[in-house]
Amino acid sequence: MSDLEKAARDAVEAADNTELTRQIAAILAAQQLLNQQPQQPAPVRQEFNATKWLVIGGVVVSAGLVASLFAVAVAIGATCATVCLLILRGLWADFRKGK
């Protein structure tokens, strides 16, 4: 192997080492930047507020009672309408027969 070939091989190795050294330096610089950034403080945890949850529970129960009363009122109205229609149908049938 001639001196020229050895010199060319050494130059290629040096270029590879230079690139590797640059990459390592960039990684180290990025790590230093990440370590220098200020840390966010942990969020302050709020204390348990029983009054808030009692109010929410009361509202939910009240809304449930109102909804159930509305459903009962609709059911009673539907039953009354059905009975009324059945009676009118019977009367109409009797009227058509001439009774």
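Aromatic pairing gives a count of one pair in this predicted model. Rings of Phe, Tyr and Trp (its six-membered ring) pair if their centres lie within 6.5 Å; planes under 30 degrees apart are stacked, over 60 edge-to-face, and the rest tilted. The pair is W92 with F95, and it is tilted: 5.7 Å centre to centre, with 35° between the planes.

**The pair in its helix**
- W92 and F95 both sit in helix α2 (residues 50-97), three residues apart, about one turn of the helix.
- Helices here are DSSP runs of H or I with at least four residues, numbered from the N terminus.
- W92 and F95 are both exposed, where exposed means over 50% relative accessible area with a 1.4 Å probe, protein chains only.

**The length and ends of α2**
- Helix α2 has 48 residues and spans 70 Å from its first C-alpha to its last, close to the 70 Å expected at 1.5 Å a residue.
- The expected span is 1.5 Å times one less than the number of residues.
- At the start of α2, a side-chain oxygen of N49 comes within 3.4 Å of the backbone nitrogen of T51.
- After α2 comes G98, with a positive phi near 90°.

**A nonpolar patch**
- V83, L85, I87, L88 and L91 make a nonpolar surface patch of about 490 Å².
- Patch residues have over 30% relative accessible area and no salt bridge, and nonpolar side chains are joined within 5 Å.
- A salt bridge is a side-chain nitrogen of Lys or Arg within 4 Å of a carboxyl oxygen of Asp or Glu.
- L85 lies in helix α2.
- L85 is exposed, at 58% relative accessible area.

**How to read the values**
- Local features need pLDDT of at least 70, side-chain atom pairs count only at pLDDT 80 or more, and totals for chains, interfaces and linings use all residues.
- Residues are numbered from 1 along each chain as its sequence is written, and side-chain values use heavy atoms, leaving out hydrogens and water.

Technical notes:
Helices (H or I, at least four residues) and strands (E, at least two) are DSSP runs, numbered from the N terminus. Buried means under 20% relative accessible area, exposed over 50%, partly exposed in between (1.4 Å probe, protein chains only). Patches are made of residues with over 30% relative accessible area and no salt bridge: like charges are joined within 9 Å, nonpolar side chains (Val, Leu, Ile, Met, Phe, Trp, Tyr) within 5 Å. Accessible areas come from the Shrake-Rupley method with a 1.4 Å probe; for residues, only the protein chains shown count as cover. A polar contact is a pair of N or O atoms within 3.5 Å; within protein, one must be able to donate a hydrogen and the other to accept it, and residues adjacent in sequence count only if both atoms are side-chain atoms.
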